[in-house]
Amino acid sequence: MKPQPCILCHSNDTHITQEIARDDIIALYKSFPGVAIDSLISSDLLYHHCNVCDLSFFTCKDGSIPTGDNAFYNALNQLDWYYFSEKHEYHFAKKFIAKDSKVLEVGCGKAAFARFLPQEAKPHYVGLEFSTQAKQMAAKDGILIENISIEEYANSHSKQFDVACSFQVLEHVSNPHTFLQSQIDCLQRDILTGGGGDK
Ligand SMILES: [Zn+2]
């Protein structure tokens, strides 16, 4: 069997550490009301480890990466425990955000981070999230969420933000390499080169 290239560093030096039956995962998710994943995974899952960058990641047997869709995240939205209203990382990230900083949060869930920021920061915030319900809920509070991938968003929003952040999202994406690069592309050049003025 051909080695699975690492989804982060693209090395072929990876090995399979575990195989997980599709039926087992589907059965486990069924214990959460309304969360069905039958259409999201096409086969048993393989758990790979990259010997170069140490990342572990899942694929289906055809090499595709199983990820959630709108229906999946809408269903998770109904579970109170899935999206926390506050994470300790929020306090750390807040230190990098001035009142007028343009903030992009990728995978923002119900925009809990936007609500955590001072009121005057809200107009400068954009969250990306696949859940259409999350977008509707946030809009009621004047918070902008776009239902679009960061890769697509970056195509038309290059160098428009001062801060790009994600909280507990990286492990959910199919391509962490382009996920991070696209966030960097959205940042202003002068911030990246250390010339961020009084920020
Ligand atoms: Zn790697």
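This is a predicted model: local features need pLDDT of at least 70, side-chain atom pairs count only at pLDDT 80 or more; totals for chains, interfaces and linings use all residues.
I start with the metal. Which residues hold the zinc ion? Cys6, Cys9, Cys50 and Cys53 coordinate it, each named residue through its SG atom, at 2.3 Å. Along the chain, these donors are spaced as C-x2-C-x40-C-x2-C.

Next, the geometry. The angles among the 4 donor atoms run from 105 to 118°, and the site is tetrahedral. For reference, the ideal angle for four tetrahedral donors is 109.5 degrees.

Cys50 has a relative accessibility of 0%, so Cys50 counts as buried. Cys53 comes out at 30%, and therefore counts as partly exposed.

That leaves disulfides. How many does a search of the whole structure find? The search finds 0.

The cut-off for a disulfide is 2.5 Å between the sulfur atoms. Cys108 has 5% relative accessibility and so counts as buried.

Then Cys186. Here too the closest cysteine sulfur is in Cys165. The distance from the sulfur of Cys186 is 12 Å, again too far for a bond. With a relative accessible area of 0%, Cys186 is buried.

To recap: a tetrahedral zinc site, four cysteine SG donors, and 0 disulfides in the whole structure.

How values were computed
Residues are numbered from 1 along each chain as its sequence is written. Side-chain values use heavy atoms; hydrogens and water are left out. Donors are N, O and S atoms within 2.8 Å of the metal (3.2 Å for Na, K and Ca); water is not among the atoms, so sites may look incomplete. Four donors count as tetrahedral if all angles lie between 85 and 135 degrees; four count as square planar and six as octahedral if opposite donors are over 155 degrees apart and all others between 65 and 115; anything else is irregular. Buried means under 20% relative accessible area, exposed over 50%, partly exposed in between (1.4 Å probe, protein chains only).
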